[in-house]
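Grab a pencil and work through these exercises with the model open beside you. Each task comes with a solution that goes step by step.

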Amino acid sequence: MKFDTVIIGGGLAGLSCGIRLAEAGRRCAIVSQGQSAIHFSSGSFDLLGQLPDGTPVEDPAEGIAALEKCAPEHPYARIGAQACERYAEAARKLLCEAGIPVSGSPRRNHYRITPLGMAKPTWLTIDGYLTTPSPEVLPFRSVCIVNVEGFLDFYPEFIAEAFRRHGVSCRFASVNSPDLENIRRNPSEMRSANIARVFDHEQNLDRLAARIREAARECEAVILPAIIGINRSDAFEVLKAKVDLPLYLLPTLPPSIPGIKAQQALQHRFRALGGEYFLGDSVLSAEVEKNRVKSIRTVNHGDIPFEAEAFVLASGSFFSRGLIATPDRIVEPVFGADTDFVPNRTEWYTEHFFDRHNYEAFGIRTDRSLKLLKEGSVMENLYGIGAGLSGFHPVQEGCGAGVSLISALFVADRILNSLKS
Amino acid sequence: MNIQQNTVSENNFEQCIKCTICTVYCPVAAVNPDYPGPKQAGPDGERLRLKKPDFYDSALKYCLNCKRCEVACPSNVRIGDIIQAARIKYGPQRNTSLRNFVLSNTDLVGSLATPLAPIVNTAVALKPVRMVMDKVMAIDHRRIFPKYAHGTFTTWYRKHAAAQQAAYPKQVAYFHGCYVNYNNPQLGKDLLRIMNALGYGVQLLDKEKCCGVALISNGLYKQAKRQAEVNMASIRTAVNGRRLDVITTSSTCTFTLRDEYPHLLQLENEDVRDRIELATRYLYRLIRENGAKLKFREDAAPLRVAYHTPCHMEKMGWEYYSIELLRMIPGVEVTVLDSQCCGIAGTYGFKKENYATSQAIGEPLFRQIEASGADLVATDCETCKWQIEMSTSKPCEHPLHILASRLA
């Protein structure tokens, strides 16, 4: 099989790189080992929330400029502050054009509310989710927090506890219906996706709206977990029209409805542009000649290799096994590419879960144009993007989605430019 | 006590991190609340079953064995295999229902029906007959039966094709499957025509039995294994003795021979597995990788084709080859439908208790087909074809039938 570019990994980085290349008329294939971590999305995309030393970031573009000095190995610092801002804007447009309606600016963070009611700085948030311009102020003084009876992944009491600290009065309402009773026959599977299917039906939306109107009578606004609109994209709008009060969604624990929708929207967009998406396949080996990747072979396609001019490694980090930790080193399993890590395992992590752990910044080593290295030599047509890159702490810095999107668009540009020259 | 002996199973179940993505993509869990979904039925339930077989949940019978959970799993857990293996190990061991026997014994029923095809086809199309089958055998009266051919593919082949096929310089073996043999010999003839155009003769296997997919899903495991052993012996003779590759036209037969034999029937096939493949992939390799050329008619009318990816095709990841072959045909415009289960799952959708689930699963696909503007649907699975033709207004054909009909 011959393509212009083959991308290994079909998550946020791989898909956005593929979309950008396909938009430019390149023939791309994505090989993905199952569905991606987009399914755990909060409904927001972070760009930069904190500097490595813990300083909060209000203006991510300014924060990225600071990274150039304090963290020169950070993927943002390698790409450059100005380019990052440009790619951030391009990424917002890419998401919107794929049908993921997001708003936000790389010049000013807003705050998303977590499933536990905490305010976290973020860059882009999908329309409908609760955000605030400041972590101290919520857009209402009284709110009704609605939950589905028996739903395992949403905790109104925690949210109310956090909200009350900001002087917001909270009341609770729970929703039930015969269709919800039906899915409760398997109580351990009372998850967002199953519940959202119930609310794809008009009569259940009507019932939900009636229950909300009745329970929220004296409240300024309503909070609902993200359990709306899995197959029917207008469900939230329809519900809002029926409720007649400001209605905000909050993310749930996974699986995440905004995540499922975002993954499907990106996949659709990629395919609509002529991209080929190979789901459920794993790369076994690569044929490399003089620092150029000629082809890769996969489990499903055996003796028929994927050949391409350029290859992009977007296989993610430890969760998706883009990186594998052995007792003494970090391995990139597809190409055996060079990785960055500290050799002494006791320095990989601390004993405190919420610390900034060294292992989080381990990953594939790349040059300034994000080409991979193997035994110290640059691989001429193999680029790395997304969570597998080294040099950043996605959790502590709040930059995971941003690194994926921006490195993807940066590499897409490098590939398109290399074709021109 | 060796704790590991009791906590480790095949099929990677300890890799499950409980992310629930599999359940999101399960076609059954989406419409049938009695089915707990692949995470609960597979890796979660397996932990309990390893502890005590009594934890076996009879709701596992609702699993279609579509393997879409495995395609979606980010951790490579063989969820579908865990569920099927649990049914084999812990489920009902004797299956005495007449209905399941009739539905899964495709060779026996096919051999009896083909000589009497005109009578059988007329009879099973009659409402009173269907009502009786519904009442007596619990085969849903709304289900339209596939027509039987008057005479089998193999009889035709031996009488009219064998000698001529032997004359080609290159040869390939063909696992035709029950559908081509008893229902649609034309597809076998189409394959011969295409292979002949490329200079290949097509040979039958020494002995071919139904691949056994229906026997496995109906709990007739011993018979499935006996048939699988016959097939593997014939395939080994073809590959090792006669030096032939083995090609097929059904995605499910291919998947069963290659993957279900070792995973579910414990029948090793590693030595020949790579030599068993779908004809569309074989043709793709000949044309795209080895430069073989097919000549097409220039005058054929334009045709809009919507390709449907069968579940086992999705699992093998091979729909690309069928779609690319269709794209090579002048005048054919191909759109690819979202990959989703059509709901029939072989014999599943024939059963009275599954009919509503089966149609509900297929509903989004049927809607997409109706809205596609296509002249016809193409797919590599015969039971998907039956379901699509019964449930939509469009005809459904095998990609190779479309290709053969446009050869110069």
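**Exercise 1.** How many residues does the contact take from chain A and from chain B?

*Solution.* Start with the ground rules. This is a predicted model, where local features need pLDDT of at least 70, side-chain atom pairs count only at pLDDT 80 or more, and totals for chains, interfaces and linings use all residues. Residues are numbered from 1 along each chain as its sequence is written, while chains are lettered from A and ligands numbered from 1 in the order in which they are written.

Now the count: chain A puts in 28 residues and chain B 24 residues, where contact needs C-beta atoms, placed from the backbone, within 7 Å. On the chain A side, α6 (178-183), α7 (192-198) and β13 (276-279) each supply at least two residues. Helices (H or I, at least four residues) and strands (E, at least two) are DSSP runs, numbered from the N terminus. The biggest giver on that side is β13(A), with 3 residues. Sorted by class, the side of chain A that touches chain B has 8 nonpolar, 13 polar and 7 charged residues. Here Ala, Val, Leu, Ile, Met, Phe, Trp, Tyr, Cys and Pro count as nonpolar, Asp, Glu, Lys and Arg as charged, and the others, Gly among them, as polar.

**Exercise 2.** Work out how α1(A) and α10(A) pack.

*Solution.* First, take the geometry: α1 (residues 12-23) and α10 (residues 257-272) of chain A pack at about 25 degrees, with axes 9 Å apart. Axes are lines fitted to C-alpha atoms, for helices over the stretch in contact, and angles run from 0 to 180 degrees between N-to-C directions.

Next, classify the angle: α1(A) and α10(A) are therefore roughly parallel to each other (the class for angles under 35 degrees).

Finally, list who meets whom. A:Leu15, A:Gly18, A:Ile19 and A:Ala22 of α1(A) face A:Leu266, A:Gln267, A:Arg269 and A:Phe270 of α10(A). That contact splits into 5 nonpolar, 2 polar and 1 charged.

**Exercise 3.** Trace the pairing partners of β1(B).

*Solution.* Step one: β1 (residues 170-175) of chain B runs parallel to β2 (residues 200-204) of chain B, joined by 5 bridges. Strands pair if DSSP finds at least two bridges between them. B:Ala173 sits opposite B:Gln203 in β2(B).

Step two: β1(B) also pairs in the parallel sense with β3 (residues 246-248) of chain B, over 3 bridges. There, B:Phe175 stands opposite B:Thr248.

Note on methods. Contact = placed C-beta atoms within 7 Å. Parallel < 35°, antiparallel > 145°, perpendicular 65-115°, else oblique.
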